Amino acid sequence: MKKARKHLIQILAVPLIAAMITGCRAKTENPPGQDPPTPNPPAQNTSGQETSAPQVQESSQPVEIQVFIAASLKTVMTDLAQQYQKDHPHIKITFNADSSGTLLTQIQEGYECDIFFSAAQKQMNQLEESGLMVQGSRANVVNNQVVVITWKGSNTKVTGLQNLEQAESIALAGGTVPVGRYTRQALIQLGRLQPAADAAQITTQQISQALGGVEISEQSNVSKVLLAVIEGSCQVGTTYYSDIYGYEDKIEILETVSPQLSGDVIYPIAQVKNPEADEAQTRAAKEFLEYILSQEAKTIFQSYYFDTDV
């Protein structure tokens, strides 16, 4: 029996739902902010040649495409969609933002999707292995780094992953969430955790025990980790460098984790085989993906603290 395709609603902002954050003590303080870092200069895409925004044939008929994005991409992708729709008003871009692992599972279960933009290569590899990727559409888009953060004025003794156990409480993404896996891998490299065949399989409880019983609140995506720290529900957490955008007055970076510890944090994108899409929808998805790889899009990514040197 053919599996019914499922549809998802548009998600364009970080949900501020405090009830999702559990297991940590509440604190509040928002001292003055700091100057944002200088974005990186433009770089070449994976083909080795710079691209520009594609020229497309407009249609009077409205077309909707479903774009699945890692949670850490919500803000920048909202901006990119708005810029794109200025010249393509008939294209409606519907985002589904969550952890890359959750998004992959939804695609495999039959949710309608035209483009998948992951925060890790692992999920994109699995998409390709499942035969769900449009061949030749895969490309690396941006690079990021894991950071250890706290809310300003927390007075934490933590300076980074080496003394993470000194935190009063920690917000940590689950192992299937890319930032959670990157964090686990870094802790293994530092000797804080025992080596594992797959770092993603290390549980939150095992990490807590390895760190002397420190209180850890597991979150389902990086945006919820960020929210836990911003609200003061947890004293420290691990997110991406780009996640501090817009929260410079609330967040302090304790450590920027070296890629030698976490591994490279590269975000790949690909077009997904969508049996429900007609020719116009398939073409619209291809053209929007090309825009994401354009020089115009690179400049926007850089303004949101992403590194386009991939």
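Me: How many helices and strands does the chain have?
Reply: There are nine helices and 10 strands. Keep in mind that this is a predicted model.

Me: Ok, and what share of the residues is buried?
Reply: Of the chain's 310 residues, 54% count as buried. The accessible surface is about 13800 Å², and carbon and sulfur atoms make up 48% of that.

Me: What about contacts between residues 24 or more positions apart?
Reply: If you take the contacts with a separation of 6 or more, residues 24 or more positions apart account for 79% of them.

Me: Let's go inside. Which residues touch the most other members of the largest nonpolar core?
Reply: That core has 78 residues, and the ones touching the most other members are Leu73, Met77, Phe117, Phe288, Ile292 and Phe301.

Me: Pick Ile292. What does it touch?
Reply: Leaving out residues up to four places away in sequence, Ile292 touches Met77, Leu80, Phe117, Val141, Ile269, Ala297 and Phe301. Another core lies apart from the largest one; it has 12 residues, including Ile107, Phe116, Met124 and Leu127.

Me: New topic: how do α2 and α3 cross?
Reply: The axes of α2 (residues 100-109) and α3 (residues 121-129) come within 9 Å and cross at roughly 10°. Angles under 35 degrees count as roughly parallel, so α2 is roughly parallel to α3.

Me: Which residues make that contact?
Reply: From α2 you've got Ser100, Gly101, Leu104, Ile107 and Gln108, and from α3 there are Gln123, Gln126 and Leu127. By class, that's three nonpolar, five polar and no charged residues.

Me: Last one: is His90 buried or exposed?
Reply: Buried, with a relative accessible area of 15%; the cut-off for buried is under 20%. His90 sits in the loop between α1 (74-87) and β2 (91-98).

Me: And where is Ala284 compared with His90?
Reply: Their C-alpha atoms are separated by 10.0 Å, while His90 and Ala284 are 194 residues apart along the chain.

Key: Residues numbered from 1 in each chain as written. Predicted model: local features only at pLDDT ≥ 70, side-chain atom pairs only at ≥ 80, totals over all residues. Heavy atoms only, no water. Axes fitted to C-alpha atoms, helices over the stretch in contact; angles between N-to-C directions. Helix = DSSP H or I, 4+ residues; strand = E, 2+ residues; numbered from the N terminus. Parallel < 35°, antiparallel > 145°, perpendicular 65-115°, else oblique. Contact = heavy atoms within 4.5 Å. Nonpolar A, V, L, I, M, F, W, Y, C, P; charged D, E, K, R; others polar. Core = buried A, V, L, I, M, F, W, Y, C linked by side-chain atoms within 4.5 Å. Buried < 20%, exposed > 50% of the residue type's maximum accessible area, 1.4 Å probe, protein only. Areas by Shrake-Rupley, 256 points an atom, 1.4 Å probe, with all protein chains shown as cover.
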